[in-house]
Amino acid sequence: MKRTVLFLFLLTLFFPSGTGLARSDAQILDSLKSHAQKVKTISSRFVQEKHLSVFDKKLESRGKFYFRNPDCLRWEYTAPYEQGFALCGDSGMEWDEISGEKEINAAGNPLWDTLSEQLIAWSRLDIDRLQEKYDISVREKDPLVLKLIPKTESMRGVISRLIIHMSEKKGVIKKIIFFEPDEDNTRIEFEDTQINTSLPEGIFHQ
Amino acid sequence: MILSGWPKKVPEISQKTALLVVVVLSLASAACIYLNRDRASEDISVMLPAGDEDVLRDMRFLRNSPWADKIFIRLAAGPDISEDELKSAAQKFADSLPEKYFPRVMGMENPDPRAFLHFYLSRLPLLLAPQDLTELGKDLNPARVRERMRENHALLTGPRGFVLKEAVRSDPLDLRRFFLSRLKGLRGFAPLKTGKGFVLDKEGKSALVTATCTVKPTDSEGSKDMLAALDRVRAKTLPPDIEYTPVSAHVYSAANARIIRSDMNLVLGISLAGLLMVFGLFLRRARALWVVLLPACSLLWATAAYCLTFSALSGIVLGFGAVLLGLTLDFGVHVYMAGETGKPGENRAGKVLTPLAASGLTTCFGFLVLSFSSISGIRQLSFLAVTGIVIACFFALFILPALLKNPGGKSRDRQVFSLPLPRKNFLWLWIFLLFLLGCAAPFIRFSGDLREVGYFPEKLKQTEKEIKKMQGGRQGNTMFVAHGDTLQDSLHLNDILYRELGDGGRDMASISPLLPSKKTQAFNLAAWREFWDEEKREKIEKWLTEAGSDFGFSPSAFDSFFRLTDPENAPQRITLNDVHRLGLGDLTQLFLGSGELNQAVFSYPGSGNGAEQAFSARAEERPGIHLVSESEMRRRLGGSVKKDLLLYAGLGFLVIAAFLLVIFRKPREMFLAFLPPLSAVLALTGIFALTGTALNLFHVAGIPLVIGLGVDYGIFMVYRGRARRDVNTPEAVFISGLSTILAFGALVFARHPALHSLGLSVLIGVLAASACALLILPAAGRKT
């Protein structure tokens, strides 16, 4: 018995423990958290590429993205179709070239509720909220790449994993890749990201 | 007088025999009541008119509606409580609700929208009705298919594309629009932010927890325990700044029981003090306590007879019966007062035999008329009252004299009051007053609403309104009920109703779009197969592949849709279990009946869209489907009860008048004997009409007691005037009236509307009847 205890003790001395690594990940996430707390607004352009099995070729679209703390979001596609949505809290607008404008109420619509919550959490890197839904690990440290795996089976039915590439500029997302269970994936690359700049008036309501 | 030939002496029995009879009969009756106690119910349906089948049926539907077994608990946050704190407290509260009382807390499920869509899209052939396919037929051309492809392309590019990829694959023609448009009516049930086990209002300042209860609202003890358990959860989980208000039938029952208890403490105190005063001032002897035994024994023995005669016992009938048999105290007081005038040991009961028998018979005949009522409870009440009065007469004449052991020797037959006005004028003045009250009586308002005689605290009323607002105003006021022999039959009827009323954009909330009956599913599938014939399938495949290719879709992109149109592939039928598995159990709970009507299906029309009128216009054509409106049902119920009660109370009054004529033969004496009950009823109705007070069911319930007592007073006083018997009749009438006013009139101090109403009726009626008997009849009698 004594020998076993001694052996285990020596093991802990000579091999770096799993908790040691986790602490390092935790420190990185804490640093992101503290940075995210300082974010009041974000504006960015994005290029979205979809690699879907139903298409023979990739689907490319472009648009703009705006965020204002705590819960206002505008996700706007400018090409190939003009469409998107703007939400503040639970209420907002959705528009597209075919149906025109429509009011949305995220509280009464599980689809919008989930979508807006997730997009806000990803875009502002709200680690606390993301940790409620995902197991987060650090895949690469420099430049930082995070891997997120949904905790619930229903969520994994939509996204099997999520890879977030951070830019060299601290706290700014460079690229997000969503993988679906069938390995279809969507890549969103952000360009010209501005943090805490003033945003056009009424942008989240029209 | 018809009773003049009756023996003037009653057979005498010894005190021992009398005591033995009382003890044996009381013990036997108590045992009988004890053995039958579990059969007594508080079911209000016993007071519903049998003739109005619609009211009875609607009452049954309401009692077994999806809302009937639910409790709603509103948690209101104080100014210092944030939305997150409220959410966390509400979830903790919902999680801690004991399963013993609350087996299902709504909102604990987490429906997956993607799984929901996938399930229903794979069953579109079972869901689309023939008219949807006709509409679809107009869309089947190359140009329209191309347009759909563009829409699909845009959809997959945009934000919704994350969750709708599978929807585009299996439904490239957007057939789901037919199905999704029918779910519009269900949005009224979820207009708020939802959490696990609760919903939140728009402002995030109040949360609503809804749970199913195991305890029936009529089980007052169970309700008390359940609410106590709820209080314990509150103390354990909610901070003091969160106000908690539960709303359910249980809470109303408990509030009513509490207020009745508090009222009874007050009223019993006043009554006891008053009765002691009457006892001390007028009776003064310990043996007078035997008089009190008379109503107690008559109630006990009559209740035992009631238990043996009826298979279903009503707590309401027993309660009213107890009040009604209070009038038998009168008989005991007359025998006691008569005994005061005789020689020591003499049985003077024979001196009041004729008026007592006449009074008992007249009252019995009055109550016998009620046995023809269409209200089962009134018929049972009639049995209880008649049995009780017969027993009371027997007790008063044969048992009480032996128990009283009359000391005799005192002649105290004197008039209690002397009149300040010339007596002749006073009689005419009284009649004129009655005439005026009689003229006002037809203008009396009648309220049959049972809710108005219940105790509804203001705070609960307010919370109920707020909860209804949180639920989108749908909760249970007006509903359609599809009621077949089985759940499938009911679902089929529900489909018919929905098709006729809901599909026209009437915003009706129904389970039909999510759970059509087997028959409807089979019918829709047959129509689908007929629609997708070989030629149409080949065409659509060609157009979809060509247009899809232009937008970059792969050739196999829509294979799952082509499988759906293949007649060889029949989708699996939608069942209730499927709906539960998708996490929609809470939703089905709002549409499926509870209790004995768990095979009925409920649906709710949108407000102000004419669905109720459209249904009512053709109600006859839809057997098995019913429109139930709580307010309308209460109005009709009130009307029926009013009609029945007034008809039989009026008939009873006429029978009493006729019987008095038979007894006295002389119209003048008959009129005088009839004057006290007439005064009581006219005073009651006239005062209510003049003060604008609506007569409710409990006011009416006091009327038979008032009439019974009034008849007694009249008969005894007229008999005294005619026979000049030395039996202390005025004093007996005075004591009887005073003790009734103190015992039942004290209820006027109660805060509970039902008790207050009963007390007010008795107070006005007995005051008028005893005033008439003591002041007017002696004047009229002297004139004769």
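# A guided tour of chains A and B

Begin by selecting chain A, which has five helices and eleven strands; helices (H or I, at least four residues) and strands (E, at least two) are DSSP runs, numbered from the N terminus. The model is predicted, so local features need pLDDT of at least 70 and side-chain atom pairs count only at pLDDT 80 or more, while totals for chains, interfaces and linings use all residues. Residues are numbered from 1 along each chain as its sequence is written, chains are lettered from A and ligands numbered from 1 in the order in which they are written, and side-chain values use heavy atoms, with hydrogens and water left out.

**Stop 1: within chain A**

Keep chain A selected. Of its 206 residues, 44% are buried; buried means under 20% relative accessible area, exposed over 50%, and partly exposed in between (1.4 Å probe, protein chains only).

Next, select Cys72(A) and Cys88(A). These two residues form a disulfide, with their sulfur atoms 1.8 Å apart; the term denotes a pair of cysteine sulfur atoms within 2.5 Å. The pair links distant parts of the chain, 16 residues apart: Cys72(A) belongs to strand β3 (residues 72–79) and Cys88(A) to strand β4 (residues 83–88) of chain A. The link is right-handed, with 80 degrees about the S-S bond. Both Cys72(A) and Cys88(A) are buried. Over all chains, a search of the whole structure finds one disulfide.

Now select Arg74(A) and Glu76(A). Their side chains meet in a salt bridge (3.0 Å, N to O), that is, a side-chain nitrogen of Lys or Arg within 4 Å of a carboxyl oxygen of Asp or Glu. Are these two residues buried or exposed? Both Arg74(A) and Glu76(A) are buried.

**Stop 2: where the chains meet**

Show both chains. In contact (heavy atoms within 4.5 Å) are 27 residues of chain B and 36 residues of chain A. The size of an interface is often given as the accessible area lost when the parts come together. Here the buried area is about 2900 Å², with 60% given by carbon and sulfur atoms; this is the accessible area (1.4 Å probe) that two parts lose on being put together, summed over both. Select Thr157(B), Phe162(B) and Lys165(B): in chain B they lose the most area to chain A, together 25% of what that side buries.

How many salt bridges are there between chain B and chain A? The count is four. One of them can be seen by selecting Lys165(B) and Asp184(A), whose side chains meet at 2.4 Å, N to O. On the side of chain B that touches chain A, the elements giving two or more residues are α4 (113–121), α7 (142–157) and α8 (161–170) of chain B. Among these, α7(B) gives the most, with six residues.

**Stop 3: within chain B**

Select Lys138(B) and Glu135(B), which form a salt bridge with the closest N and O atoms 3.4 Å apart. They are separated by about one helical turn because they are three residues apart in helix α6 (residues 130–139) of chain B. Lys138(B) counts as exposed because its relative accessibility is 58%, whereas Glu135(B), at 39%, is partly exposed.

Finally, select Arg146(B) and Asp550(B), another salt bridge, with the closest N and O atoms 2.5 Å apart. Arg146(B) lies in helix α7 and Asp550(B) in helix α21 (residues 534–550) of chain B, so the pair ties together parts that are 404 residues apart in sequence. Arg146(B) is partly exposed, because its relative accessible area is 37%.
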